[in-house]
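Here is a short report on one chain. Look at the structure first, then read on.

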Amino acid sequence: MTTATRCMWMRGGTSKGGYFLGTDLPANPADRDTLLLRVMGSPDARQIDGMGGGTPLTSKVAIVDRSVRADVDIDYLFLQVFVDKALVSDAQNCGNILAGVGAFAIERGLVTANGSVTQVRIFMRNTGQIAVASIATPDGRVSYGGNTVIDGVPGTAAAVPLVFEDTAGSTCGTLLPSGNSSDRISDLDVTLIDNGMPVVVMRAADLGISGYEAPADLDADVALKERLEVFRLTCGERMGLGDVSSKSVPKMILVASPLAGGAFMTRSFIPHRCHDTIGVFAAISAATAALLPDSVLAEIAVIPDGNDKTMLVEHPGGSTACILRTNADGTVTGSGMLRTTRKLFDGEIF
């Protein structure tokens, strides 16, 4: 018998994937993951027998439920469906897919539109933190059209400001899991940091590359990727994440001096393929590292003045704007991001 599951496909930031009500999916996590692998067509490099687009950026899932918490509206669980492995991971958050969650909740009636802009308070189950999304709702319904541009997405759309509460130590328990702004591991200097996403920040030049290579060229560099994976396993242990061989964190962020007026350039591995852009939380974590005087980014990054800093994190597709709020002694007290989203279809997946 062919079964159908209700879902909405959305672009969130520079990613896209399936958005589901938790009540529309199997309650048992193993059965749920089996269904989601079929939905995406994994494991298969092309995901030809499913909706996935053959890259991690288009093989993502949001599960949304009405929250029982008094301080939020909805609960959001992000799942990364691997492309070439029969693996579904909840080990990380995703700020791009998060950009569509508020609109989805309003579309599904979990949140009532309120005025021209509706604020949706979201509990991120992966990390235990809260995000507030501001969704354009003129005439009492979600509006996806607007004039906001984000690099990595053609055209314009309505702005979705995201403000994050208490993202420091989202997975590792503390902003600096090793207790240091910089560590020497093997023969490389790194900054191990988690401000919404556990990342390992390292200078591209220390790996013998410029940091400006095309992602496809870095993906083709087998020796580089093997070295990064060995290093990632060591850093994962150092960050208190245990054996990360089957986990999608930490992300590896290679940095270089900026080219287009931003704070710094990045090449992000998620974790084994070079990202065409950079994830929202990975960008925030890396930007936070840039504000630490002794980090590996300290002598590379161009830091704007003022306590509220808009930092452009450069990547192969352009740049991602991170907003970091700091106090008088330079400590980061809050972070935010401007994203967009679009509803692509609403129906049933078979």
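N126 sits in the loop between β6 (117–124) and β7 (129–136). Helices (H or I, at least four residues) and strands (E, at least two) are DSSP runs, numbered from the N terminus. The model is predicted: local features need pLDDT of at least 70, side-chain atom pairs count only at pLDDT 80 or more, and totals for chains, interfaces and linings use all residues. Residues are numbered from 1 along each chain as its sequence is written, and side-chain values use heavy atoms, with hydrogens and water left out.

N126 counts as buried because its relative accessibility is 17%. Buried means under 20% relative accessible area, exposed over 50%, and partly exposed in between (1.4 Å probe, protein chains only). Leaving aside residues up to four places away in sequence, N126 touches Y76, L77, F78, D90, Q92 and N93. Contact means heavy atoms within 4.5 Å.

Now the aromatic pairs. Rings of Phe, Tyr and Trp (its six-membered ring) pair if their centres lie within 6.5 Å; planes under 30 degrees apart count as stacked, over 60 as edge-to-face and the rest as tilted. The count comes to 3 aromatic pairs.

W9 lies in strand β1 (residues 5–12) and F345 in strand β16 (residues 332–349), so their pair ties together parts 336 residues apart in sequence. W9 is buried at 4% relative accessibility, whereas F345 is partly exposed at 29%. Y19 is buried at 0%. F104 is buried at 0% too.
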